[in-house]
Amino acid sequence: MPQIAELFRDERHWQAIAERYEVEPGPINLENGYFGRMTRRVLDDYQANIAFINRSNSVYVRQQFERTQAQQIRRQLAQLLGVDEHAVAFTRCATDALQSLIRNYNQLQPGDQLLLCDLEYDTVKSAMRWLARQRGAEVIEIEHSLPASFDGLLDSYRQAFERYPRLKLMALTHVTHRTGLVMPVQAIAALAREHGIDVILDGAHALGQIDFNLAELGIAFAGFNLHKWIGAPLSLGFLYIDPSRLDAIDPDMDEFHYPPSDVRSRTPYSTPNIPALMTLPAAFDEHRAMGGAALKGARLNYLRDLWVREARALPGIEILTPDDPRLYCAITSLRFKHTQDQQPLVDRLLRDYNLFTTLRQGAAFDSCIRITPGFTTPLAHIQLLSKALGELAQP
Ligand SMILES: Cc1ncc(COP(=O)(O)O)c(C=O)c1O
């Protein structure tokens with residue numbers, strides 16, 4: 001197989017990849033961050049699994065799926081991540097996984113402190129505030145200044161850790177959904193460990209587009225989904241708990257279907273989307289066939305670099321995501337400088353150029369426009385985006 005260095009910019013190769021997907025005619029989608037498409041092969045498999053489970057119902061599910069297949073699929077997930085299968089439990093999405101970890105974290109005493117930053121996902125922020133109220137703990141919220149840098153991010157956490165000695169737990173987002181900033185997770189986690197602070201990692205946007213090794217990140221608790229960059233059916237996520245730290249997370253609301261020593265007791269027991277779970281082996285195969293996170297990520301970064309390089313030179317535009325290769329991925333956000341309200345520019349990108357993007361709000365820097373190419377994005381769409389940004393940035 002040709003090297004990543006050659007393939008990520010090979011338009012013919014990516015044209016062939018794009019043909020694996022069915023795409024509805026309509027606006028050019030530069031908002032691939034919401035969730036990923038399945039390839040046709042994965043979609044066919046999913047549809048066949050839906051039909052099969054609908055026909056066979058509990059006879060198959062109780063006799064085969066629950067007894068053997070579910071375990072095999074969990075093992076395959078663990079292999080993909082390079083972790084022990086006893087460290088992962090399926091959920092319906094990243095939110096469910098993160099909420100389970102947060103509400104069941106049992107290491108807080110009244111007076112302890114919890115740390116959040118402005119870039120965290122809003123549901124994670126509210127869950128952490130909820131946890132603090134339940135345990136009589138205090139929430140510390142920091143803001144990251146722009147432009148973000150590797151050392152600057154580390155410094156802001158170092159300062160917070162030194163300033164708030166009662167910090168016990170922090171949320172950390174591997175890839176923030178607002179600007180696509182990739183946090184230096186490994187370095188922050190190492191610093192947190194030195195201060196005795198536990199980290200719950202939000203990996204919703206990282207898995208499938210960033211080539212990381214979970215064990216090497218030094219994270220004990222994390223939540224992910226599989227329906228963004230892995231390309232699995234919607235409704236799949238999972239939590240990860242380092243088996244040596246399982247005791248720090250209680251069984252979910254006295255969950256009893258699995259023993260307390262089983263990580264699956266840390267999630268609500270319910271009827272899952274069985275056809276979606278059965279489709280995971282096909283989704284993992286496709287992910288690997290596309291070169292895994294290394295090549296998928298290299299392609300997305302290449303497309304991102306093309307438009308960001310041009311847009312960065314435009315005086316009327318501010319790019320909010322840094323260019324340090326350690327700190328960005330597919331997603332990058334920008335702001336037109338001539339107006340506070342960015343929504344009219346999102347509207348104009350769609351109306352005048354047929355480009356579908358999205359507004360993101362809620363961080364210290366206020367609102368921005370998020371641009372996210374995907375695996376069906378050709379060079380021509382990026383060129384159109386560059387042209388559009390150049391014209392809209394004129395005073
Ligand atoms: C940073 C981040 N965290 C968590 C989530 C929630 O993921 P899910 O929709 O799988 O619950 C998202 C979804 O976009 C996200 O961007």
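Which backbone N or O atom lies 3.0 Å from an oxygen atom of the ligand? The atom belongs to alanine 94, in a model that is predicted.

**View 1. Residues around the ligand.** The ligand has 13 residues around it, and those that come nearest are Thr95, Asp202, Asn225, His227 and Lys228. Asparagine 225 also places a polar side-chain atom 2.8 Å from a ligand oxygen atom. For histidine 205, a polar side-chain atom lies 3.4 Å from an oxygen atom of the ligand. Alanine 94 takes part through a backbone N or O atom, 3.0 Å from a ligand oxygen atom.

**View 2. Crossing of helices H2 and H10.** Helix H2 covers residues 11–18 and helix H10 covers residues 292–312; their axes come within 13 Å and cross at roughly 110°. H2 and H10 are therefore roughly perpendicular to each other. The crossing of H2 past H10 is left-handed. On H2, the contact is made by Glu11, His13 and Trp14, and on H10 by Leu295, Lys296, Arg299 and Tyr302. Sorted by class, this contact of H2 with H10 holds 3 nonpolar, 1 polar and 3 charged residues.

**View 3. Crossing of helices H11 and H12.** The axes of H11 (residues 343–353) and H12 (residues 379–392) come within 11 Å, with a crossing angle of roughly 120°. That angle makes H11 oblique to H12. H11 and H12 form a right-handed crossing. H11 contributes Leu345, Arg348, Leu349 and Tyr353 to the contact, while H12 contributes Leu384, Lys387, Ala388, Leu389, Glu391 and Leu392. By class, the contact of H11 with H12 comprises 7 nonpolar and 3 charged residues, with no polar ones.

Technical notes:
Residues are numbered from 1 along each chain as its sequence is written. This is a predicted model: local features need pLDDT of at least 70, side-chain atom pairs count only at pLDDT 80 or more; totals for chains, interfaces and linings use all residues. Side-chain values use heavy atoms; hydrogens and water are left out. Axes are lines fitted to C-alpha atoms, for helices over the stretch in contact, and angles run from 0 to 180 degrees between N-to-C directions. Helices (H or I, at least four residues) and strands (E, at least two) are DSSP runs, numbered from the N terminus. Angles under 35 degrees count as roughly parallel, over 145 as roughly antiparallel, 65 to 115 as roughly perpendicular and the rest as oblique. A crossing is left-handed if the near helix is turned anticlockwise from the far one by less than a right angle, and right-handed if clockwise. Contact means heavy atoms within 4.5 Å. Ala, Val, Leu, Ile, Met, Phe, Trp, Tyr, Cys and Pro count as nonpolar, Asp, Glu, Lys and Arg as charged, and the others, Gly among them, as polar. A residue is near a molecule or strand if one of its heavy atoms lies within 4 Å of it. A polar contact is a pair of N or O atoms within 3.5 Å; within protein, one must be able to donate a hydrogen and the other to accept it, and residues adjacent in sequence count only if both atoms are side-chain atoms.
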